[in-house]
Amino acid sequence: MNDLSNTASMRAAVWHGRHDIRVEDVPLPADPPPGWVQIKVDWCGICGSDLHEYVAGPVFIPVEAPHPLTGIQGQCILGHEFCGEILKLGDGVEGYTIGDPVAPMPASTVAPAITAPTVCTTSANAWPLPG
């Protein structure tokens with residue numbers, strides 16, 4: 001496993017706007033919150049939604065107001081189809097250990113948001129794709 005604990009930044013494809021994606025050094029994320037893990041990405045693909053953001057965006061990336069589940073607004077790191085290994089465990093994570101290989105499901109949900117139109121009015125709000 002490649003230890004990133006002494007590294008202050010990582011390389012990422014950052015969406016800035018239509019036809020504006022830049023590979024930049026960005027700060028490493030904070031330690032994972034309870035129930036989450038931090039993953040060191042080994043490989044990352046380009047998804048059709050990333051392509052749509054580049055060609056015609058913003059499509060799913062919110063620019064007028066923060067996303068209701070993720071809080072992301074404007075610039076964001078692309079690349080939600082990836083694999084890697086667990087780097088850090090949040091409190092309460094069971095069944096995984098540091099160094100485990102993983103290929104995560106690239107969507108977050110909050111069950112009430114899927115069924116309650118007052119909370120969620122579009123599928124993009126119900127199924128945000130992290131990065």
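**A guided reading**

Guide: The chain holds 3 helices and 6 strands, where helices (H or I, at least four residues) and strands (E, at least two) are DSSP runs numbered from the N terminus. This is a predicted model, in which local features need pLDDT of at least 70 and side-chain atom pairs count only at pLDDT 80 or more, while totals for chains, interfaces and linings use all residues. Residues are numbered from 1 along each chain as its sequence is written, and side-chain values use heavy atoms, with hydrogens and water left out.

Visitor: What is the strand order in the open sheet of 3 strands?

Guide: Strands of a sheet pair through backbone hydrogen bonds, either parallel or antiparallel. Here two strands pair if DSSP finds at least two bridges between them, and β1 (residues 9–17) is joined to β2 by 8 bridges, the two running antiparallel. One of the residues concerned is S9, whose bridge partner in β2 is P27. The open sheet, with antiparallel pairing, has the order β2-β1-β4.

Visitor: Why is one side of β2 and of β4 left without a neighbour in the sheet?

Guide: Strands β2 (20–27) and β4 (76–77) stand at the edges. One side of each lacks a neighbour in the sheet because each has a single partner strand.

Visitor: Which residues form the nonpolar patch on the surface?

Guide: Patches are made of residues with over 30% relative accessible area and no salt bridge, like charges being joined within 9 Å and nonpolar side chains (Val, Leu, Ile, Met, Phe, Trp, Tyr) within 5 Å. A salt bridge is a side-chain nitrogen of Lys or Arg within 4 Å of a carboxyl oxygen of Asp or Glu, and accessible areas come from the Shrake-Rupley method with a 1.4 Å probe, only the protein chains shown counting as cover for residues. Helix α1 (residues 48–56) gives the most to the patch, with 3 residues. The patch has about 330 Å² of accessible area together and is formed by I21, L51, Y54 and V55.

Visitor: What is the relative accessible area of V55?

Guide: V55 lies in helix α1. Buried means under 20% relative accessible area, exposed over 50%, and partly exposed in between (1.4 Å probe, protein chains only). V55 counts as partly exposed because its relative accessible area is 45%.

Visitor: Which residues is V59 in contact with, leaving aside its neighbours within four places in sequence?

Guide: V59 is found in the loop between α1 and β4. The C-alpha atoms of V59 and S49, 10 residues apart along the chain, are separated by 8.3 Å. With contact meaning heavy atoms within 4.5 Å, and those neighbours left aside, V59 is in contact with H52 and E53.

Visitor: Which residues does a cis peptide bond join?

Guide: Most residues other than glycine have a negative phi, and most peptide bonds are trans. P58 is found in the loop between α1 and β4. The cis peptide bond, with omega about 5 degrees, joins G57 and P58.

Visitor: How many disulfides does the structure hold?

Guide: A disulfide is taken as a pair of cysteine sulfur atoms within 2.5 Å. The number of disulfides in the structure is 0. C44 is in no disulfide, and the nearest cysteine sulfur, that of C83, is at a distance of 8.9 Å.
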